[in-house]
Amino acid sequence: MFHKEGYKIMIFTTILLIVVNVLSYLNINTYWVKFSILAISILFFLLILQFFRNPKRPTQLNDARVVSPVDGKVVVIEEVFEKEYFKDKRLQVSIFMSPINVHVTRHPIGGLVKFSKYHPGKFLVAWHPKSSEENERTTVVVENNVAGEVLYRQIAGALAKRIVNYAVEGQEVIQGSDSGFIKFGSRVDVYLPIGTKINVKLNDKVKGGVSVIANLD
């Protein structure tokens with residue numbers, strides 16, 4: 001199953017690669033050159049397909065648990081001052097996505113979307129210390145009666161040139177459901193109350209909608 005954000009790119013890529021290989025077949029006489037172009041085309045197409053895959057994830061709904069919003073590796077666990085919404089200290093858990101990870105963003109908790117805002121910005125590498133404040137990003141806050149308010153932020157990286165965010169203020173969302181998409185590598189930060197029990201460690205690999213990164217009960 002593929003994400004809807006990839007349909008246009010996959011169709012365009014298919015047409016482009018067909019045209020390239022037809023021209024190669026008609027105009028190039030050297031067999032190994034034609035074969036190389038075909039092999040590279042197939043490899044490139046497979047990379048596009050794997051990037052836009054959207055696997056089903058069996059999220060176990062629990063208002064007291066925070067699931068990872070994305071696939072990737074935990075790169076930050078630290079106390080920080082959250083400037084945009086809470087304006088106080090929070091526990092930040094950051095997950096870095098490489099280009100080969102699934103790039104669907106999922107709601108870490110279920111509840112009411114209290115805040116959703118897009119910020120244009122730079123395209124620093126996703127692990128840069130200032131990327132969470134200066135890069136293109138979206139900030140979403142979801143609240144339920146058990147977990148309270150949880151903020152998560154999609155952050156574009158050096159390769160990611162478009163962030164898609166489906167969260168709308170006032171909308172009721174289900175934990176683990178589709179919240180958006182980030183194209184070609186990036187990072188998501190989750191901001192939790194100080195003292196939250198964290199279930200992951202630095203460099204742990206997590207799966208969006210499945211891995212429980214924190215307990216709030």
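Glu84 and Arg153 form a salt bridge in this predicted model, with their closest N and O atoms 3.0 Å apart. Where do the two partners sit? Glu84 lies in the loop between strand S2 (72-82) and strand S3 (88-97), while Arg153 belongs to strand S7 (residues 148-156), so the pair ties together parts that are 69 residues apart in sequence.

The structure holds 8 salt bridges. Here are three of them, side by side:

| Salt bridge | Closest N and O atoms | Relative accessible area |
|---|---|---|
| Arg90 with Asp88 | 3.0 Å | Arg90 13%, Asp88 29% |
| Asp204 with Lys201 | 3.9 Å | Asp204 21%, Lys201 56% |

Let's take the other two pairs in turn. Arg90 pairs with Asp88; Arg90 counts as buried at 13% because the limit for that class is under 20%, and Asp88 is partly exposed at 29%.

Asp204 and Lys201 have their closest N and O atoms 3.9 Å apart, and a salt bridge is counted within 4 Å, so this pair qualifies. Asp204 is partly exposed, with a relative accessible area of 21%, and Lys201 is exposed at 56%. Elsewhere, salt bridges with shared partners join Glu82, Glu84 and Arg153 into one network.

Conventions:
Residues numbered from 1 in each chain as written. Predicted model: local features only at pLDDT ≥ 70, side-chain atom pairs only at ≥ 80, totals over all residues. Heavy atoms only, no water. Salt bridge = Lys/Arg side-chain N within 4 Å of Asp/Glu carboxyl O. Helix = DSSP H or I, 4+ residues; strand = E, 2+ residues; numbered from the N terminus. Buried < 20%, exposed > 50% of the residue type's maximum accessible area, 1.4 Å probe, protein only.
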